[in-house]
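Dear colleague,

I am handing over the structure below, and I would be grateful if you could look through it before reading my notes. What I found follows directly after it.

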Amino acid sequence: MQCRSMIEPLIQRAVRHPDRTALVYQDQTLSYAELLEQVNRFARALSRLGVGAADRVGYVLENRLEIVAVFYAIQAIGAVAVPINIRSIAPEIACLSRAVGAKAVVYSKLRREQVAEAEKEMGRVELICVDPLPGGQDLPTLAEDESSAEFSGPRATTALSRIQFTGGSTGTPKGAMRTHQADLINIDGTAQACFLTGAEPKTVLIQCPLEHHGGHAWLTASIAFGATVVICGAFDPQRVLQAIERHRVTHAIMLPPTTYLRLMEYPDIDRYDLSSLRVLQTSAGAASKHFVAQVYRHFPNCLINYGWGQTESGLGSTLVLSRGLLAKDDPKLGS
């Protein structure tokens with residue numbers, strides 16, 4: 001991908017396919033043009049608050065449209081995105097924010113108590129809510145009168161795009177420092193390994209958290225290759241099945257494999273048309289012959305793509321757990 005910065009794939013898609021639906025969340029949608037306009041307004045609002053190139057911006061946001069716009073707004077400025085797990089308690093939010101020297105922390109109203117408690121230990125940090133906040137500082141109000149014209153910050157492939165915290169097996173989380181170059185390479189590799197390339201438009205359902213590396217990788221790869229991304233919040237089997245049928249989803253990622261098992265245990269699953277699905281991606285837990293058999297029973301036209309990887313390296317490895325492996329009862333089914 002011939003880009004210098006993580007904002008450029010979005011700009012390219014908004015130019016080529018302005019009217020194509022970029023994001024779907026519940027009953028909300030944004031076209032590629034509308035997404036980029038929101039990104040530009042958010043970037044200007046953050047800039048007016050003093051956020052500049054190389055500044056660290058944390059965000060504590062659940063899966064929703066705004067988490068996407070906030071990430072790309074940070075990229076447009078040339079600042080560094082610092083996703084923070086929404087389950088983090090106040091001392092953890094404060095610790096991670098201090099560790100990166102955050103200039104600002106963006107949060108949702110659902111995380112207001114956690115962030116307010118963390119503020120006591122964070123020092124001087126701009127706190128910005130993505131929901132309207134009477135008497136407070138909120139991004140929609142700040143961005144309302146800003147221009148939607150392209151915000152042009154510095155773009156250098158070697159600059160940091162993101163600091164992604166990863167727990168590992170011991171101690172406190174470590175911040176993996178991801179450059180634009182590393183994440184652009186990650187986009188290409190993810191798209192190729194997960195069958196997101198090609199001229200035919202894809203519709204991609206992401207059920208895993210977008211503040212984690214896996215969800216982030218699929219989101220940015222899907223945007224870069226012009227897919228429509230259907231964002232899911234907390235796991236709800238009925239909503240997932242309805243979304244697959246309604247939007248004719250072609251690719252889906254849910255983590256771990258037990259999430260698919262929970263989906264397939266939904267009593268009315270066979271009432272939904274799931275024939276559009278071509279690729280089901282999973283990771284972060286052991287597969288099994290039972291899991292593979294159940295997927296191929298309920299999703300007649302799909303293949304299962306299993307991935308291994310780590311935040312520090314970005315790209316990992318994948319293996320198709322095929323119907324052929326199932327027929328042979330291959331040991332790889334337990335990967």
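Two strands are taken as paired if DSSP finds at least two bridges between them, and strands (E, at least two residues) and helices (H or I, at least four) are DSSP runs numbered from the N terminus. Please keep in mind that this is a predicted model, in which local features need pLDDT of at least 70 and side-chain atom pairs count only at pLDDT 80 or more, while totals for chains, interfaces and linings use all residues. Residues are numbered from 1 along each chain as its sequence is written, and side-chain values use heavy atoms, leaving out hydrogens and water.

The strands β13 (residues 303-308) and β14 run antiparallel and are joined by five bridges, with Ile 304 standing opposite Leu 321 in β14. Both belong to an open, mixed sheet of eight strands in the order β2-β1-β10-β9-β11-β12-β13-β14. Because β2 (28-31) and β14 (317-321) each have a single partner strand, they stand at the edges, and one side of each is left without a neighbour in the sheet.

Turning to the cysteines, the structure holds zero disulfides (pairs of cysteine sulfur atoms within 2.5 Å). The sulfur of Cys 3 is too far for a bond, because the closest cysteine sulfur, in Cys 194, is 19 Å away. For Cys 232 the closest cysteine sulfur is that of Cys 208, at 9.7 Å, which is also too far for a bond.
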